[in-house]
Amino acid sequence: MPCHDRYGLPLSTSSDFAAEQYQTGLDLLLSLWPGASQTLEEAITADPSFALAYAARARLHAIQAESAEALSRIATAEELVARHGTERERSHVGVLSLAINGQAAMALDGALAHADRWPRDILILSLPLGAFGLFAFSGMADHDQARVDLCERHARHFEADDWWFLTYRGWAHGENGNVTLGRELTQRGLEVRRNNVNAAHAFAHVLHESGASDEAEAHITDWLPGYDRSGILHGHIAWHGALVALEKGDAERALTIYGEHVAPSASTGVPINVVSDTSSFLWRLQAYDHAVPAGLWDEAASYASNYFRQAGFPFADFHMALIAAATGDFRALESRVAALTDLVEAGSLAAGPVVPAICRAARAFAEEDYAGCARLLEHMASEVVRIGGSGAQREIVEDTLLVSLMRSGEADKARALLDKRLHRRPSPRDTHWRNSLVSG
């Protein structure tokens, strides 16, 4: 009898053990739980001609920012699947190859077409859906809605208790503003499979978006100790805990979490997470009028100097600009802005002019030109979504705008923005700021 995956899709392997290890490894990969590498390697060893095992291993290498290994494994998968793969498997490997080889737009088109034919092929369906997925980094202004539309289009193909689909469907709705449904789905996904980093992460996000700081703190405190520190999102989920502490005004607690889990010397995350988490935390800390201990910005800058040197990855560009602005490396910042501007003028930066604009705003803020910073960010506020990432990650831009408005004497505009934020969710910090503007 032919082997099949958990969703009934046939697998081109005659080894039951290889098929079993592939499915287990795929579940570990899609839940970001430790052990996926070893399990997929066991599938490859059991059947060295099993193309999909190589493809999944390539995807995991890509997630772990191991680009050379990812390229090697996906090339092997392409050779094997061309010889004895099914049509579905050839399409599966082809889409992954496009993504791993940096052809993101073609990979997105391919993933969507593939999902229309084989919606239960979840490794491919996952590609557009995450915070760092193909939709998020497409430059689209409506990528949050696009994720919801994709999930709802294929929801009928999944069981009510499918932990993977609950997680991604909940994430999509939570990021798109339906926090009630997002919470229900992500919480259920975590209940069905507790060893599911993506569900724990998505649940933390939806609690953030609903202003449930106490629940977020309890969730992270309860769940994180069971997740090995070697996990690539360990530091990022701890970062959420540090943001909760900042929300409550407890800078000491926030800095303790940062030092133990988030700082470059402590985190085992991939570069994009380490650079974005460190820079955005330290920027928030000083924007909220807390002192940044000596050496922390220099440590973040030293780590970041090894990565993202070439402009053109908007999410990374913005966070690199924060580091350059905070450390006074204006030469590097202006060089990045110039390169980004050239890309915009050439029509090759999908996210568009918002990227160099928010980088310029970071410099204005660092130089205490708050009126100039506010002008730049007000003009681009609705376009910031184009840089990708999550709502919680992009919120730093709105925080910078808000603080700039308050510090430049634009009290009416600051109150209007605070009223909008407080209407969306409760926030002790925003309430404090709102009250200070009233009393002022």
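Are tryptophan 223 and tyrosine 227 buried or exposed?

Modeller: The model is predicted. Tryptophan 223 and tyrosine 227 are both buried. They also form an aromatic pair.

The whole structure holds 20 aromatic pairs. Ring pairs also join Phe132, Phe137, Tyr303, Tyr307, Phe308, Phe313 and Phe315 into a cluster.

Now the core. The largest nonpolar core has 144 residues. Trp223 is among the members that touch the most others, along with Tyr22, Trp164 and Phe281. In soluble globular proteins, nonpolar side chains tend to be buried together.

Take tryptophan 164 next. Leaving aside residues up to four places away in sequence, its contacts are Tyr7, Leu30, Ile122, Leu125, Ser126, Leu129 and Phe158.

Last, a helix pair. H21 spans residues 391-407 and H22 spans residues 411-424. They pack at about 145°, with axes 8 Å apart. The crossing of H21 and H22 is left-handed. H21 contributes Glu395, Glu398, Asp399, Leu401, Leu402, Leu405 and Met406 to the contact. From H22 come Lys413, Ala414, Leu417, Leu418, Arg421 and Arg424. By class, the contact of H21 with H22 counts 7 nonpolar and 6 charged residues, with no polar ones.

Note on methods
Residues are numbered from 1 along each chain as its sequence is written. This is a predicted model: local features need pLDDT of at least 70, side-chain atom pairs count only at pLDDT 80 or more; totals for chains, interfaces and linings use all residues. Side-chain values use heavy atoms; hydrogens and water are left out. A nonpolar core is a set of buried Ala, Val, Leu, Ile, Met, Phe, Trp, Tyr and Cys residues joined through side-chain atoms within 4.5 Å. Buried means under 20% relative accessible area, exposed over 50%, partly exposed in between (1.4 Å probe, protein chains only). Contact means heavy atoms within 4.5 Å. Axes are lines fitted to C-alpha atoms, for helices over the stretch in contact, and angles run from 0 to 180 degrees between N-to-C directions. Helices (H or I, at least four residues) and strands (E, at least two) are DSSP runs, numbered from the N terminus. A crossing is left-handed if the near helix is turned anticlockwise from the far one by less than a right angle, and right-handed if clockwise. Ala, Val, Leu, Ile, Met, Phe, Trp, Tyr, Cys and Pro count as nonpolar, Asp, Glu, Lys and Arg as charged, and the others, Gly among them, as polar. Rings of Phe, Tyr and Trp (its six-membered ring) pair if their centres lie within 6.5 Å; planes under 30 degrees apart count as stacked, over 60 as edge-to-face and the rest as tilted.
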